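Trainee: I'm new to this one. Could you show me how to read it?

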Amino acid sequence: MNEYYEMIGVASSDDGENLKDVEKAEGIRTIAVSMTRKITPFKDLVAVYKLYRVIKKEKPFIVHSHTPKAGTLGMLAAKLAGVPNRIHTIAGLPLLETSGNKRKLLNFVEKFTYACATLVLPNSFGLRDIILEHNFCKAPKLKVLGNGSSNGIDVNHYSNQGVNLNEANLLKQQLNILEKDTVFVFVGRVVADKGINELVAAFNEISKSNINTKLIIVGPSEKDLDPIDPQTEQIIKNNKNIHAVGSIVDIRPYVFISDIFVFPSYREGFPNVILQANSMEKPCIVTDINGNNELITHNYNGLIIPPKDIISLKQAMLNLLNNPDQTLKLASNCRQNIVKKYKREYIWNETLKLYKSLE
């Protein structure tokens, strides 16, 4: 984008140090504005004021926000500063898993955010339908770019050919994975909303009678925001066939050494990890929610199960475990779908066309 516009990246940071890598990688200026992920009224007002000051000084033609908190604060600050084009991308709705007074508050905040924006970009068609169903805004303000996704995927990077075989074999040794093992993998935040409790419970039952199975859990935990159950933590600790490896910069070796990707999330926008897994020819077991069910077609490139259903999840995992020919057939359909519809260059061009249309 910086070939066509002067781009400035604004993100939450206390000192700006963690934005240096972004500056170097993307060749743009960055500005740090501290923002919390929780509901913190006083800190949020301070952040709005700081964002307003930045926007008034820089005088942007477009302010394009991502993530719920940055969207609310950024769209308000941009509107107060008189920015003509205020675009907010929706990559998921955390409020869908809340209730009571908190849900009412989050519903109000969502509507307020969209009211401050001039255009709202849900990153999936299912998410667009949910927004309309909840009357967060009217249809003319909504647009899905291309076939969905916020940024597409680098299909050359997420390719089996891009993985170092020596590194992959070393990883297998470290995780005690044998050639006869069937390996399930999850990539994402290790939180309740991602279905980790159900996944661990299902795998724990499977592994009791199938010793040649492994589960790799890749991703950071968020014990303050959405912790997994203590029982789940104990199973992860005690089951020697479960490997929770934490946050990993390059997930490709972990996906490469796996056979089946499992993603039993409760809510999504348009999950990048499914794009990445399918691009690396791994069939996916996913829950029947927006985003997931737009990327996965049942019995074509994966299996779709109900959310929050341990029995269905266990059955789907056993189905592929016991039918390796079916797993291979699903795998053979994965990559071609991603290359055809979700290459990042395609999404970039759709975004650029949108920006150009506003000039």
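Mentor: Let's begin with a term: helices (H or I, at least four residues) and strands (E, at least two) are DSSP runs, numbered from the N terminus. This is a predicted model, where local features need pLDDT of at least 70, side-chain atom pairs count only at pLDDT 80 or more, and totals for chains, interfaces and linings use all residues. Residues are numbered from 1 along each chain as its sequence is written, and side-chain values use heavy atoms, with hydrogens and water left out.

Trainee: Which residues of helix α13 are buried?

Mentor: Buried means under 20% relative accessible area, exposed over 50%, partly exposed in between (1.4 Å probe, protein chains only). In α13 (residues 324–332), Thr 327, Leu 330 and Ala 331 are buried. They span an arc of only 100° around the axis (taken from the directions from the helix axis to the C-beta atoms), which puts them on the same side of α13. Asp 325, Leu 328 and Lys 329, on the other side, are exposed.

Trainee: What do the buried residues of α13 pack against?

Mentor: Contact means heavy atoms within 4.5 Å. Here the partners are β9 (260–263), β11 (302–305), α12 (310–322) and α14 (334–341).
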